[in-house]
Amino acid sequence: METNTARKINAGIEEEAEVSIKISNLNVFFGVNHILKDLSLDFQKNKVNCIIGPSGSGKSTLLRSINRINDGTEKLKVTGAVHFNEKDILNGVTNLTQLRKDIGMVFQSPCVFPKSILENVIFGIQQHKKLTVSEKQDITEETLKAVSLWPEVMDRLKDSGQSLSIGQQQRLCIARTLATAPKVLLMDEPTSSLDPVTTRVIENLMERLKKRYTIVLVTHNIAQAKRISDQVFFMCNGQLIESGTNDMFFNTPKKEQTKSYLKDETCVCR
Amino acid sequence: MLVFQNKIGKGYVLASTYLCIAVTLLIFLILFWNSYPALSTVGFDLFTMTWNPAKDQFGVLSMLFGTLAVTAIALLIAVPLGILTAIFTSEILPNRYRLYVKSAIELLAGIPSIIYGLIGIALVSPWIATLFELSSGRTLVTAGILLAVMILPTIITLTDDALHNIPQQYRETSKGLGLYPFEIIQKTLVPIAKRNIAGAVLLALGRALGETMAVMLLVGSIDKIPEPFYNLLSPGQTITSKLGREVGESAFGSLHFSALNAIGFLLLLLVITLTIGTQVYMRKGIRTV
Ligand SMILES: Nc1ncnc2c1ncn2[C@@H]1O[C@H](COP(=O)(O)OP(=O)(O)OP(=O)(O)O)[C@@H](O)[C@H]1O
Ligand SMILES: [Mg+2]
């Protein structure tokens, strides 16, 4: 398994799609509840990998296993393997701080600290290395440009980040994550607290960001998945029901459960 | 019917509000009224060293010093200890133990101060005397230590609440950005709770300034500033201990009684300024979080 992954990653240049994160036989338990059931799937580099499925199907849990942010939760048990950078990050020694720097996360509702816009952007990266004043400026400008927020805030970087609109705040949060120079962006329903127009702004942003990052996106919204996903993973009740490219998944779904979910968002799975 | 009840409710709330304001004003007024004879005859000689009612000398400097010294000692001990304990109960201790620990701490807050005084006399004072080879263990430091124990619960519960009320997403976001657990506390949580923690400290400070019983039993009750002044392992006097001891033996209407009212007035001013300061500060804190 291990060498296979490594070869695949090394050979990735020739292959059509390069694997960024390889999940093998992942099981997650909270106490006696078996939440993720033997999941095996690959997230591809420079693609929008979209996880969809009904509420409670374990989408967030899957996402949160990748940067191990659930670590420390009581009664959590995880088995299986998650390969990233040719290393199994679940087993063996993993520097969690470095892992979370490499695999950034954006949450459902924007969480801006009661600090200035600039301080918010550099908040994460600052804990990893000392920055000079000009480096802080540069990082702020670069990442705010990457999330198309720069023109709106360039002359009020000292203002409180919490004075921004919700959509701006979410982009600020994305910029803050980008500032730590991650390779992967985990996004858990990043637009569900936003209005349709702002949602489009973030979606366009993801289209651009995927050129430089691997994006793993959880969404409730089937239409959104259809709009921006490259790969789709349909989960139900902790299992992976079906996955494929956007075209395959939405135009020629194979499983009955997938068809019924795409039709009216209902899903019966045991 | 509902409208009627609403009116009664409103009237009740308004009435009690006005009553509170009236009582506060009345206290101020009576204290000032009774202080006036002393304030007008003694004047700025209040701020001298000697207190001798027989000669109409009423210098309050030593008591002012004692009050400030004892309070400072108490804060110096209780603030770091209290904040660290609160960080422990709020952020490190598993939630199912937290409530037990918190109720235990809140129980501490309910112990009457005379009990603390007794324990101070039985335990702390002899211990201080032996440790520093003093003839008497009743010193400014002793009173300060006891006071620290007394205000500790206030600081712990309020700081714990301030930290615990910070939404979980701040912790999660920080964790996701790669902060270590202690960095999350230091860089994320404490800055957010800063104002409320300061509020907790100010509230504790108010309590420390006003505490009478335990301090009176332990401070030594001698009207002097130690020499050198930083030798706090000497007996002293605070405003409250002075009042506690002498109000009973002063004749109502005498200059002595009036002078005691004057130092009471001084204490009240100190405490009220602090309370108002706290409220203004806390209100700002709520706005920013
Ligand atoms: N910390 C936890 N402790 C116990 N159970 C948990 C925990 N986190 C999640 N679960 C359980 O895991 C299951 C999957 O939850 P998860 O949040 O992954 O679902 P989801 O697919 O993201 O749902 P949604 O679309 O509503 O966000 C749920 O049944 C939930 O109760
Ligand atoms: Mg979720």
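How many residue pairs are in polar contact across the interface of chain B and chain A? The rule finds 9 of them, counting pairs with both residues at pLDDT 80 or more. Keep in mind as you look around that this is a predicted model.

**View 1. Chain B meets chain A.** Here 23 residues of chain A and 18 residues of chain B take part in the contact. Between them, the two chains bury about 1800 Å², and carbon and sulfur atoms give 53% of that area.

**View 2. A salt bridge links A:Glu74 and B:Arg96.** Zoom in on these two side chains and you'll find an N to O distance of 3.2 Å. The rule finds 2 salt bridges across the interface of chain B and chain A.

**View 3. Helices H6 and H7 of chain B on the side that touches chain A.** Helix H6 (168–176) and helix H7 (181–210) each supply at least two residues here. H6(B) gives the most, with 7 residues. Sorted by class, this side of chain B has 7 polar, 6 nonpolar and 5 charged residues.

**View 4. Ligand 1 and the residues around it.** The shell holds 13 residues, and A:Ser55, A:Gly56, A:Lys59, A:Ser60 and A:Thr61 are the closest. Helix H2 (residues 59–66) of chain A brings the largest share, 3 residues.

**View 5. Oxygen atoms of ligand 1 up close.** A backbone N or O atom of A:Gly56 sits 2.8 Å from one oxygen atom of the ligand. For A:Lys59, a polar side-chain atom lies 2.7 Å from a ligand oxygen, while for A:Ser60 a side-chain N or O atom is 2.6 Å from one. Taken alone, ligand 1 exposes 630 Å², and the protein buries 60% of that.

Definitions and conventions
Residues are numbered from 1 along each chain as its sequence is written. Chains are lettered from A and ligands numbered from 1 in the order in which they are written. This is a predicted model: local features need pLDDT of at least 70, side-chain atom pairs count only at pLDDT 80 or more; totals for chains, interfaces and linings use all residues. Side-chain values use heavy atoms; hydrogens and water are left out. A residue is near a molecule or strand if one of its heavy atoms lies within 4 Å of it. A polar contact is a pair of N or O atoms within 3.5 Å; within protein, one must be able to donate a hydrogen and the other to accept it, and residues adjacent in sequence count only if both atoms are side-chain atoms. Accessible areas come from the Shrake-Rupley method with a 1.4 Å probe; for residues, only the protein chains shown count as cover. Helices (H or I, at least four residues) and strands (E, at least two) are DSSP runs, numbered from the N terminus. Contact means heavy atoms within 4.5 Å. Buried area is the accessible area (1.4 Å probe) that two parts lose on being put together, summed over both. A salt bridge is a side-chain nitrogen of Lys or Arg within 4 Å of a carboxyl oxygen of Asp or Glu. Ala, Val, Leu, Ile, Met, Phe, Trp, Tyr, Cys and Pro count as nonpolar, Asp, Glu, Lys and Arg as charged, and the others, Gly among them, as polar.
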